[in-house]
Amino acid sequence: MWERSSRSMLLVWVVVLLLTTILGSVGPTNSKLGWGDDAHPAGSSNVELATSYSKGYTNEEAGWIVKWKTGSSPDPEVVSNSNVLSVQETMNISVMKPTEGMGLKQWMKLLHASPAVEYVEPNQQVQTLAAHVEPNDQYYNRQYYLKQTGVDKAWNYLQSQNQAMNSSNLTVALIDTGVDLEHPDLKPNLTKGINLLHDGLPKDDNGHGTGVAGVIAAVGNNFKGIAGVSWNTKVMPIKALDSRGYGDEDKLGAGILYAVDNGAKIVVMSVGLYRYSKYMQDIVDYAEQKGVLLIAATGNDAMKLEDRAAVKYPAAYPTVLAVGGVTPLNRVEARSNRGPEVDIVAPWHVYTTALGGGTREQEGTSMAAPQVAGVVALLWSKHPELKPYQIRDHLRMTAEDVEDAGWDSSSGYGLLRAERAMQEPIKREAGADNTTKNKAVVFPIDTSRSGYIDDNGRSDWYRVDVPYDGTLQLKLERIVGNGTVEIRHEHEQAQKVRHYGGISRTVNLPVKKGKHFIRIRQEQATVGQPFAYKISSRFIIYEDPFEPNDEQYKAHMLPARNQQIVGTFSHTRDSDWYRIQLDTKTTLKLKVTTTTARIDPLITMKSTEWKESQFFDETREGETETVILEGLNPGRYDIKIQNAVTSRSEPASGLYKMEVEILPQYSDPNEPNNKMYEAISIVPQYDYSAVIHAPEDEDWFQFKVTQPVNASLSISQIPKERKMDVSLQTKKQEKLVGARNDRGQTKLVTGTKLEPGTYYIQVRADAAFSHQPYKLRLELDKLTATSTASVGDGMSSESGTLNSLNSKLSHLNADQEMTLQSGEAEAPSSIMTRADRLRLWFVFLNWLW
């Protein structure tokens with residue numbers, strides 16, 4: 001009895017001790033400010049409290065609130081050493097601060113010693129409750145990207161300046177798949193748009209445009225959905241893409257023109273393609289002249305295309321703000337396209353509006369670009385006098401480095417920072433001091449920036465990294481100022497100085513691969529007259545050594561041997577012709593690779609042996625094109641390589657490489673065996689070599705079985721660019737089993753159980769090949785009492801092995817089969833089960849009781 005009561009008491013004391021500890025650790029702390037006995041134990045320093053508090057939370061110019069004891073007048077000694085800021089006689093309070101000659105700590109001691117003082121409190125700053133902006137939208141807590149880019153801080157700053165969300169008179173045009181016009185979180189902010197695909201309203205039939213619109217301007221503080229970055233901004237929906245998300249370039253151009261001519265201040269384009277267009281360049285320039293800022297996504301192909309990925313157009317045009325993507329950890333997203341044209345990055349992942357009135361997660365540079373558009377709307381509302389080039393420069397200067405310090409080709413100038421863009425003053429010149437060569441700022445190719453020279457004779461220096469030999473085209477536009485402009489170009493030891501006058505001038509500078517320095521200086525100007533300018537660049541790659549070869553009659557002659565040719569597309573409609581003279585019957589293999597997604601290789605071949613030209617374009621931009629021409633007769637063969645991104649291709653900053661292989665010609669020793677009745681007899685356990693010498697060629701083989709067997713057929717050494725199929729048939733041409741490989745798969749296996757009789761094998765391919773023989777092998781295994789035949793149709797060698805293993809495991813249960821297939825014995829579990837844990841708890845509680 002005593003033992004049980006002791007345990008009960010022990011349990012009670014344990015519980016009491018735990019509760020005491022918990023309550024003691026989380027209980028309220030005494031936060032009272034002042035000098036009363038409850039606020040400070042005896043011997044504590046009241047002066048230290050006031051001093052430390054004032055450093056963190058008090059504006060010293062606002063002073064301290066001093067309460068005089070009831071019946072007491074202000075202490076003359078305290079008053080003589082204080083500046084009295086104000087007096088509240090009803091409450092017997094003075095707002096004071098120490099005189100200039102009196103230190104704060106000394107003054108606090110004086111107050112502490114005065115018998116007339118009841119308490120002292122810091123005069124803290126107060127603000128309206130609306131100063132902290134936090135939308136009440138239902139899914140605002142899922143919009144992490146708003147905090148990642150400082151949009152929430154920007155809202156609060158603008159609110160404190162009485163400028164919050166004053167962007168209702170500003171319109172952002174959205175060229176996309178349209179917008180859900182009835183979405184409750186978008187409808188109040190939609191303005192008149194246009195459908196460029198067909199008659200009717202710009203309704204979204206894809207969902208992409210609706211998501212982009214929500215990021216920009218979903219209505220905020222409406223207890224539903226999400227909050228847009230600039231939730232009072234108007235959105236002009238322009239439908240230029242169909243339900244699949246595709247559209248034509250002329251519709252993109254028409255969309256920009258409609259936006260510019262109908263009052264939009266910002267145009268956001270989460271679309272792109274890999275080719276430069278003079279047509280689009282003219283439209284982009286028109287928007288810039290009209291004071292409209294264009295913003296576009298860089299693209300999402302970096303992981304797939306690796307180093308060949310490039311910034312897509314229209315983001316790659318110099319005056320378009322190109323936006324890449326970052327992860328929640330502020331690292332550049334692996335799929336976000338890189339390149340010299342990248343200006344800024346924003347979060348890749350968003351939570352936004354969805355088609356049908358809902359919300360959803362979306363991702364991509366498509367969702368990063370509208371975040372920048374929303375911040376620009378806020379910035380332009382705060383500074384309506386700014387020009388597009390000033391907006392671009394300001395966002396670059398206020399961005400946060402996430403990769404290398406300064407500019408880099410992955411993140412541009414860094415992560416969008418909305419609060420910095422709102423708080424920091426607008427500077428006349430983009431970037432740091434660049435008045436000397438060793439302070440030259442990076443000026444990436446195919447971009448634009450502005451400059452400002454305030455003193456006659458001062459210089460601006462820029463560093464340009466050129467990827468290949470070629471021409472650097474600089475376009476200099478004077479904004480204000482007069483006099484002559486001097487442009488100095490330096491590369492290693494070479495220097496060249498040129499003088500230019502006028503308002504605008506385009507300069508072509510021959511350049512070699514590497515670093516170049518450009519100095520811009522104003523000469524002969526009016527004293528005191530500043531000089532402001534815009535400068536943009538475009539790089540044009542060098543002309544390859546095989547030019548001129550744009551026409552077939554100018555084809556460059558190549559020897560009939562294995563070789564590699566490196567070429568460029570250096571001018572409009574550039575195409576390169578080559579000629580090979582074959583003296584014997586042979587197989588010709590051509591493989592064309594490229595360094596950039598801005599090149600889509602198209603191979604055209606002509607010959608006196610053919611009636612018509614042959615075209616080969618099986619892959620997309622940046623991918624490899626391979627052609628194998630079997631059994632070419634002796635003669636002349638002309639090869640044309642061109643960029644298929646468009647029928648009117650412009651110069652592309654990249655290379656292509658054509659590999660030419662003259663392959664040996666193999667004959668088929670089994671021919672003629674094109675028909676079933678011509679089938680060649682074969683024996684098991686032997687490799688038979690053969691080729692498919694023509695597209696219509698078939699190879700037939702036969703064998704006999706005298707007793708029940710397991711038959712296995714395999715074909716190996718299949719060319720990677722060919723598909724083959726094999727079938728096993730009876731005399732009546734009844735198909736028993738067959739197999740087909742995928743392109744790139746070099747072996748296939750199939751088989752089945754056979755009874756005595758004669759059987760036929762049929763082998764075919766999707767195209768001829770004679771440069772590499774395939775091998776056919778037949779395996780026959782006698783059936784035993786325990787053996788079973790492997791089965792399958794269309795199995796690869798790996799599939800056949802797996803199927804064979806499955807047949808052996810057919811009598812096992814699932815757990816046994818999994819253990820055997822993994823090749824490892826199942827180890828005993830060391831993890832305690834839920835039942836084990838419950839049993840231990842019952843034992844413990846029983847012991848306590």
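The model is a predicted one: local features need pLDDT of at least 70, side-chain atom pairs count only at pLDDT 80 or more, and totals for chains, interfaces and linings use all residues. Residues are numbered from 1 along each chain as its sequence is written, and side-chain values use heavy atoms, with hydrogens and water left out.

**The whole chain**

- You'll find 16 helices and 40 strands in the chain. Both are DSSP runs numbered from the N terminus: helices are H or I with at least four residues, and strands are E with at least two.
- Of the 849 residues in the chain, 50% are buried. Buried means under 20% relative accessible area, exposed means over 50%, and partly exposed is in between, using a 1.4 Å probe and protein chains only.
- Take the contacts with a separation of 6 or more: 75% of them are between residues 24 or more positions apart. A contact here means heavy atoms within 4.5 Å.

- Two strands pair if DSSP finds at least two bridges between them.
- To spot one of them, look for A173, whose bridge partner in β8 is V267.
- Axes are lines fitted to C-alpha atoms, for helices over the stretch in contact, and angles run from 0 to 180 degrees between N-to-C directions.

- Helix α6 (residues 151-160) is largely enclosed by the rest of the structure, because seven of its ten residues are buried.
- Those buried residues of α6 are V151, D152, A154, W155, N156, Y157 and L158. Their cover includes α5 (144-148), α11 and α13 (418-423).
- After α6 comes N162, which has a positive phi near 55°.
- Helix α7 (residues 208-217) meets helix α11 (residues 365-382) with axes that come within 8 Å and cross at roughly 35°.
- At this meeting, H208, G211, V212, V215 and I216 of α7 touch S366, M367, P370, Q371, A373 and G374 of α11. Sorted by class, the contact of α7 with α11 has six nonpolar, five polar and no charged residues. Ala, Val, Leu, Ile, Met, Phe, Trp, Tyr, Cys and Pro count as nonpolar, Asp, Glu, Lys and Arg as charged, and the others, Gly among them, as polar.

**Mixed and antiparallel pairing**

- An open sheet of five strands has mixed pairing and the order β23-β25-β30-β27-β28. Its edges are β23 (556-558) and β28 (614-616), each with a single partner strand, so one side of each is left without a neighbour in the sheet.
- β27 (residues 601-607) pairs with β30 in the antiparallel sense over seven bridges, and K606 stands opposite D638 in β30.
- Elsewhere, β21 (residues 514-523) runs antiparallel to β16 (residues 459-466), with eight bridges joining them. D460 has I520 in β21 as its bridge partner.
- β21 also pairs with β18 (residues 484-491), in the antiparallel sense over seven bridges. Here H489 has I518 as its bridge partner in β21.

**Two buried residues to look up**

- H771 sits in strand β40 (residues 769-782) and counts as buried because its relative accessibility is 11%.
- The H771 side chain makes a polar contact of 2.6 Å with the side chain of E630, and another of 3.5 Å with the side chain of E721. A polar contact is a pair of N or O atoms within 3.5 Å; within protein, one must be able to donate a hydrogen and the other to accept it, and residues adjacent in sequence count only if both atoms are side-chain atoms.
- E650 lies in the loop between β30 (635-643) and β31 (656-663), and is buried with a relative accessible area of 9%.
- The side chains of E650 and T572 make a polar contact of 2.8 Å.
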